[in-house]
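Colleague: Can you put that model up on the screen? I would like to go through it with you.

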Amino acid sequence: MGYQLAENQGDSIAVPQLVFARLPELEEDWLRVALYVISTGESDPGFIARALHLKSAASVRAALTYWKGAGLLKDAHPNRSRAVLAAGNLEQVPRRRLTTAEVTHAAGNDPAIAALVQECQRLMGGTISERDTTILVSLYTEDKMPVDMILLGVAHCVGLGKRSGSYIERRLLDWQRNGITTGEAAEQYLNLLAVREEREREVAELLELPSAQFTRVQAREIASWYEELKFDRAMIAEAIATASPKKDVRYIGGILKRWYTEGKRTVKDVIAQSNLTAQNVQPVSAENPNAKRVLKGVPRRVPEFKKNEV
């Protein structure tokens, strides 16, 4: 039984030929992302992930990166809030904030707004400006953030010494773009941040650094040791000892990734493999001139001895 296209039952969109040309090589969901972006002009990974019910914003970012390389997308103009499509030149208007009058009107219809402002004032240590009030209320009314999520964000930023409404707005919108849309999700994220900070302090201690002052790239690298590779303090300490005296986070990460690829999950695995390698290396001799210049059975570490004082 054959099929044919039915009459158009709604609006249609033009799909660039390059999308069809890439069909055989596309990863899962990349076509869905492309069609959604072509249809709506939306390029926010978190928003797209929620709209398409995808697992994470990270998969959307990978798809957007692919389509940019393919020529479907290009970088947004620095003064625009949304990416501009190479196909169709579609845009979205910038996000909107309420005016002071609109905040007053909205508060009369929704008691949650007055409670939100009052609790934000308590967290921020006093009366907040009209501008900051419009920012925080707009997050609730325009960006559809729940009150508990906003309050957690305010408390977190104040804890960092940041009380500016603009700063709090950027942080909360960043959370939303990364799929954090509820108070529960925000609380889990903040707990994860606290754990990461403790792990950074742990790595700084192992590296004998005075404080855990790592760049964002280094912090992400350190987080991956624990969260992706699932290594513990002992394994990280072993990698640092192996890298010594080179105290470079990226270099140490390379050692850990190599061990992970080789199936080494514990320090015992590393030692066992090291000793096995040493036992399989033959010393140089007349009968074996091509052997490596390593003594057979060399221990993994040579203990240091101090001469007795006379």
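Colleague: How many helices and strands are in the secondary structure of the protein chain?

Modeller: This is a predicted model. The protein chain has 14 helices and zero strands.

Colleague: What share of the residues is buried?

Modeller: Of the 310 residues in the protein chain, 34% are buried. The chain exposes about 20200 Å², and carbon and sulfur atoms supply 51% of that area.

Colleague: And among contacts between residues at least 6 apart in sequence, what share joins residues at least 24 apart?

Modeller: That share is 55% in the protein chain.

Colleague: Let's go to a helix pair. At what angle do the axes of α7 and α9 cross?

Modeller: The axes of α7, residues 130–141, and α9 cross at roughly 15 degrees. They come within 9 Å.

Colleague: Why are they called roughly parallel to each other?

Modeller: Angles under 35 degrees count as roughly parallel, and the crossing is at roughly 15 degrees. Therefore α7 and α9 are roughly parallel to each other. The crossing of α7 and α9 is left-handed.

Colleague: Which residues make the contact?

Modeller: On the α7 side they are R131, D132, I135, L136 and L139. On the α9 side they are G165, S166, I168, E169, L172 and L173.

Colleague: Take S166. Is S166 buried or exposed?

Modeller: S166 is found in α9, which covers residues 165–177. Its relative accessible area is 14%, and buried means under 20%, so S166 is buried.

Colleague: Which side chain does the side chain of S166 join in a polar contact?

Modeller: That of R131, at 3.0 Å. R131 is also one of the α7 residues in the helix contact.

Colleague: What else is S166 in contact with, leaving aside its neighbours within four places in sequence?

Modeller: Besides R131, S166 is in contact with R97, D132 and I135.

Colleague: Now the other pair. How do α6 and α7 pack?

Modeller: Helix α6 covers residues 111–124. It packs with α7 at an angle of about 130 degrees, and the axes are 10 Å apart. That makes α6 oblique to α7.

Colleague: Is the crossing of α6 and α7 left-handed or right-handed?

Modeller: The crossing of α6 and α7 is right-handed.

Colleague: And which residues meet there?

Modeller: From α6 there are A112, I113, L116, V117, C120 and M124. In α7 they meet D132, T133, L136, V137, Y140 and T141. D132 and L136 are also among the α7 residues in contact with α9.

Colleague: Changing topic to the backbone. Which peptide bond is cis?

Modeller: The bond from S244 to P245 is cis, with omega near 5 degrees. P245 is in the loop between α12, residues 233–243, and α13, residues 249–261.

Colleague: What is phi of H53?

Modeller: Phi of H53 is near 60 degrees, a positive value in a residue other than glycine. H53 lies in the loop between α3 (45–52) and α4 (57–70).

Colleague: Why does H53 count as exposed?

Modeller: Exposed means over 50% relative accessible area, and H53 counts as exposed because its relative accessibility is 72%.

Colleague: What about phi of K230?

Modeller: Phi of K230 is near 65 degrees, and K230 is a residue other than glycine with a positive value. K230 sits in the loop between α11 (216–227) and α12. With a relative accessible area of 63%, K230 is exposed.

Conventions:
Residues are numbered from 1 along each chain as its sequence is written. This is a predicted model: local features need pLDDT of at least 70, side-chain atom pairs count only at pLDDT 80 or more; totals for chains, interfaces and linings use all residues. Side-chain values use heavy atoms; hydrogens and water are left out. Helices (H or I, at least four residues) and strands (E, at least two) are DSSP runs, numbered from the N terminus. Buried means under 20% relative accessible area, exposed over 50%, partly exposed in between (1.4 Å probe, protein chains only). Contact means heavy atoms within 4.5 Å. Accessible areas come from the Shrake-Rupley method with a 1.4 Å probe; for residues, only the protein chains shown count as cover. A polar contact is a pair of N or O atoms within 3.5 Å; within protein, one must be able to donate a hydrogen and the other to accept it, and residues adjacent in sequence count only if both atoms are side-chain atoms. Axes are lines fitted to C-alpha atoms, for helices over the stretch in contact, and angles run from 0 to 180 degrees between N-to-C directions. Angles under 35 degrees count as roughly parallel, over 145 as roughly antiparallel, 65 to 115 as roughly perpendicular and the rest as oblique. A crossing is left-handed if the near helix is turned anticlockwise from the far one by less than a right angle, and right-handed if clockwise.
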